[in-house]
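Welcome, and thanks for taking a look at this one.

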Amino acid sequence: MDEQQGKLHRTLGRLDIVLLTIAAVISIEILGQLSSYGGETFTWLVILVITFLIPYALLFSETGSAFTEEGGCYNWVKRAFGRRVASISTVFYWVTTPVWIGGSMAFLAGETFHQFLLPLDLAGPSGYLFYLAFIWTTVISAIASLRWAKWLPNSGAVAKVGLLFLFVVTTIIYGFQHGFSGISAADLSPTLLGLFGVAPLLLFGFLGFEAANGAAGEMKNPQKDVPKGLTQSTFIAACCYLLPILAILLVIPKDEITGVSGLMEAVGEVFVVYGPAAPVMMTVAAALFVHVLVTQGAAWMIVSDRVQGIAAADGSFFGGFFGKFHRILGTPIRINLLSGVLASVFLIASLTLIEGSSAAVFGVVLTISISTYLISYLAIIPAAIKLRLSDTRTHRPFRLPGGNRVFVILGVICTAWVALGSWVAVFPGTLEAVFGLDYPFVEIWGVEQQVYTTFTLGTLGFLAALGLAGYIFGAKLRVPSAPEDREEPDGESVQDRTSVLD
């Protein structure tokens, strides 16, 4: 692992951290899916910004500025709970990216391109070619040296904020000219049914503030830049969820919003204010939207592949074969290629194993990617808590006010939210049954519950087996070569603990 980290180039400044975080965290593709729950989406959004987004960003501002090795959350979980736990949680964290890109992101980009730019046969050759081109564009961006590749997610972050700003401003103009559909107080009233629907989506959208730390070994000054960068990113992310979702709800009735194209439908509705220029503006907006999706996928491919690459180099994923970083590019090319293959396989499986409309496929695939991602945080957030309590010698340039008690309370609250989101994502309809709420499964998902459960649990079981196999076959890198490298009972070596102080 030390050998691979010696190939890294320190190219990320504070602005790069902010833009990379915005590119990763603000999930523009879920805005339509979120808005489909109506006015209470906005209420739950405000609640989660206060009780999850801000506490979570504070937790990882401190953790990310204290532990600054390449690999980010893999190293944190390893320090807290040992390699065994870290190897499994990292597979779930990493594999979300190819699942998400090969499923929901590719579908949404294809649907947008088809509707607003050029027609595609989404179930035929042209559709498959578009999806595969989308996937491998993100892979190539991850393979390229970060000193050049960072400009792709950076441009996407700027385009994302710019597109959302243009949409919100245009919505205000539209409202004064044509009136708003309106949201009543009853629409804003939160319900348990709404909570179980929006919680996993909102958590999926908020998580990722630690993502840039996957490339911490390539930051110029992580101890200073991470806390300040995440503070700025938190404010921008909150605005980029609150304002566009409110705008969508004001323009399009709840029953007309679809998860596939909700945002672009709202854009098309309000862009009539531009008169004869509306078609051109719509084309530009659609092109920006597709660009944003590509760069968002690229941002996650860049950071998550580095996390898994470091895990492989550390003996937690198939003997180090996937842990080789290119000596010139400084990127884990073998992991990058594996991500591309997995995304392509998942794309084909999604198109052939599930019957239903594109909206139904989109919802199922998105939920599966949410579940793998959320489950990984059931180790990552507790790891941050344990390190705060047990590692008192590591210098923390930024410390959360209030001491250990406040840190633990906020960490427990964040973990509870993630646990709720994970359960709802993997077993939709079960909590509703406990509380006696009606849950028409087929109407909501477009597929039978048995098909959904089989596809979801099969995916999760495969990933768990992959993580376990990766740890088992990585054993040769964990063989002690000297007395000071011997394994402790928790899976952490004496050398690992010493490196915390270096």
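Helix 11 and helix 17 cross with a left-handed sense. In this predicted model, helix 11 covers residues 192-206 and helix 17 covers residues 403-426.

**Where helix 11 meets helix 17**

- The two helices pack at an angle of about 110 degrees, and their axes lie 8 Å apart.
- Angles of 65 to 115 degrees count as roughly perpendicular, and helix 11 and helix 17 are therefore roughly perpendicular to each other.
- On the helix 11 side, the residues in contact are Leu195, Phe196, Pro200 and Leu203.
- Facing them from helix 17 are Trp417, Val418, Leu420, Gly421, Val424 and Ala425.
- Sorted by class, this contact holds nine nonpolar residues, one polar residue and no charged residues.

**Where helix 2 meets helix 9**

- Helix 2 takes in residues 14-25, while helix 9 takes in residues 151-178.
- These two pack at about 65 degrees, with 8 Å between their axes, and that makes helix 2 roughly perpendicular to helix 9.
- Their crossing is left-handed.
- Helix 2 brings Asp16, Leu19, Leu20, Ile22 and Ala23 to the meeting point.
- Helix 9 answers with Pro153, Asn154, Ala157, Val158, Lys160 and Val161.
- The residues of this contact divide into eight nonpolar, one polar and two charged.

**Following helix 14**

- Helix 14 runs over residues 278-313, which gives it 36 residues.
- From first C-alpha to last, helix 14 reaches 52 Å, close to the 52 Å expected at 1.5 Å a residue.
- Is helix 14 largely enclosed or left open by the rest of the structure? Of its 36 residues, 28 are buried, so helix 14 is largely enclosed by the rest of the structure.
- Just after helix 14 comes Gly315, with a positive phi of about 85 degrees.

**The chain as a whole**

- What does the secondary structure of the chain come to? There are 21 helices and zero strands.
- The chain has 502 residues, and buried ones make up 60% of them.
- Take the contacts between residues at least 6 apart in sequence: 83% of these join residues at least 24 apart.

How values were computed. Residues are numbered from 1 along each chain as its sequence is written. This is a predicted model: local features need pLDDT of at least 70, side-chain atom pairs count only at pLDDT 80 or more; totals for chains, interfaces and linings use all residues. Side-chain values use heavy atoms; hydrogens and water are left out. Helices (H or I, at least four residues) and strands (E, at least two) are DSSP runs, numbered from the N terminus. The expected span of a helix is 1.5 Å times one less than its number of residues. Buried means under 20% relative accessible area, exposed over 50%, partly exposed in between (1.4 Å probe, protein chains only). Axes are lines fitted to C-alpha atoms, for helices over the stretch in contact, and angles run from 0 to 180 degrees between N-to-C directions. Angles under 35 degrees count as roughly parallel, over 145 as roughly antiparallel, 65 to 115 as roughly perpendicular and the rest as oblique. A crossing is left-handed if the near helix is turned anticlockwise from the far one by less than a right angle, and right-handed if clockwise. Contact means heavy atoms within 4.5 Å. Ala, Val, Leu, Ile, Met, Phe, Trp, Tyr, Cys and Pro count as nonpolar, Asp, Glu, Lys and Arg as charged, and the others, Gly among them, as polar.
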